[in-house]
Amino acid sequence: MTDPVTVSGLVAAHRCPLRYWHDLQRPPRESARYAIAKQIAAHLGPGLDADRVWDEVVTVMPGVAPTDRALLDEWVAACRANRWPRLELRDRPVRSQRLGLVGQVDWVAPDLASCAVVRASRAPTFGVTGADRVRAAAYALCLEEERGRPLDEVTLLYVPSGALRRYVPQPRDRRAVLRALAAARRVQEGRVPPKPAEAPCDRCPHGETCGGGARSGAAIL
Ligand code: SF4
């Protein structure tokens, strides 16, 4: 039995199985963007104070660049323009025993009817991004196993845009989860996936080192 796949690993495999392979060779470190988004999200609502949030970011990530303060100010201004539900955010473990999937979600309703995910990316013009539809479906699949019935919705908090989007995962998103799970498992079993023809390389952190992954040796899918 292979190790369970994490939700973040699943989303990486959905974007590009080779990206997941790279992530396993060198696990990505938390970015300053994500640390800033998380701390802002922890204080969403009236009285959102940029100085206080920055103090916390420096505590969480002592090496954060002072220039990132401008990013924080911009995102705080975007969030102040919106009204926010009161959510007590914390990293809450979730798991699907059936699928072999684990993760941590930022908020879960006491009745397990919904959950919320903090994002450090901008909201699309409408709805949620393709990767976030898969992410939402993965968390929903974990939580509905615990709840015994489907979730009502998943909330995406797009901190850089100061936007909140609610999403109900669809069958096509659940199919995408199953496909990404299968791809992630093949990678975990040691097979190096080929570079997909339409891989989203422009937004990938492995752009500089990738290119030879599938041709560098090891078995190929
Ligand atoms: S650079 Fe492109 S092919 Fe390589 S891992 Fe990233 S998305 Fe995949």
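Leu112 is partly exposed, because 16 other C-beta atoms lie within 10 Å of its own, a count between the 12 or fewer of an exposed residue and the 20 or more of a buried one. This model is a predicted one, and every value given here should be read with that in mind. Leu112 is placed in the loop between S4 and S5, and its phi is near 65°, a positive value in a residue other than glycine. For context, most residues other than glycine have a negative phi.

The loop that holds Leu112 belongs to a hairpin, in which five residues separate S4 from S5.

## The four-strand sheet

S4 and S5 are part of an open sheet of four strands, arranged in the order S4-S5-S6-S7 with mixed pairing. Its edges are formed by strand S4 (107-108) and strand S7 (163-167), each of which pairs on one side only.

Strand S5, residues 114-119, runs parallel to strand S6, residues 153-158, and six bridges join the two. Among the facing residues, Val118 stands opposite Leu157 in S6, while Arg119 stands opposite Tyr158 in S6. S5 is largely enclosed by the rest of the structure, because five of its six residues are buried.

## Glu153 in strand S6

Glu153 has its place in strand S6, and it counts as partly exposed because 17 other C-beta atoms lie within 10 Å. When neighbours within four places in sequence are left aside, the contacts of Glu153 are with Ser114, Arg166, Tyr167 and Val168.

## The three-strand sheet

A further open sheet consists of three strands in the order S1-S3-S2, again with mixed pairing. Here the edge strands are S1 and strand S2 (92-96), each of them pairing on one side only. S1 and S3 pair in the parallel sense over two bridges, with Thr6 standing opposite Val102 in S3.

## Helices H1 and H2

Helix H1, residues 7-15, is mostly covered, with seven of its nine residues buried; these are Val7, Gly9, Leu10, Val11, Ala12, Ala13 and His14. The elements that cover the buried residues of H1 include strand S1 (5-6) and strand S3 (101-105), together with helix H2 (17-25), helix H6 (130-147) and helix H7 (171-188).

In H2, the buried residues include Pro17, Leu18, Arg19, Tyr20, Trp21 and His22, and the elements covering the buried residues of this helix include H1 and H7. Gln25 also lies in helix H2, but Gln25 is exposed, because 10 other C-beta atoms lie within 10 Å. Gln25 and Val57 are 32 residues apart in sequence, and their C-alpha atoms are 28 Å apart in space.

Helix H6 lies across S4, S5, S6 and S7, running at about 145° to S5. The largest nonpolar core has 57 residues, and those with the most contacts inside it are Leu10, Ile40, Ala138, Tyr139 and Val159. H6 gives the most to this core, with nine residues.

Which residues are in contact with Tyr139, once its neighbours within four places in sequence are left aside? They are Val7, Val94, Gly103, Val105, Cys115, Val117 and Val154.

## Surroundings of the ligand

The residues around the ligand are Cys16, Leu18, Arg19, His22, Lys195, Ala199, Pro200, Cys201, Cys204, His206, Gly207 and Cys210. Sorted by class, this shell has seven nonpolar, three polar and two charged residues. Leu18, Arg19 and His22, which are among the shell residues, are also among the buried residues of H2.

Definitions and conventions:
Residues numbered from 1 in each chain as written. Predicted model: local features only at pLDDT ≥ 70, side-chain atom pairs only at ≥ 80, totals over all residues. Contact = placed C-beta atoms within 7 Å. Pairing = 2+ DSSP bridges. Axes fitted to C-alpha atoms, helices over the stretch in contact; angles between N-to-C directions. Core = buried A, V, L, I, M, F, W, Y, C linked by C-beta atoms within 7 Å. Near = placed C-beta within 6 Å. Nonpolar A, V, L, I, M, F, W, Y, C, P; charged D, E, K, R; others polar.
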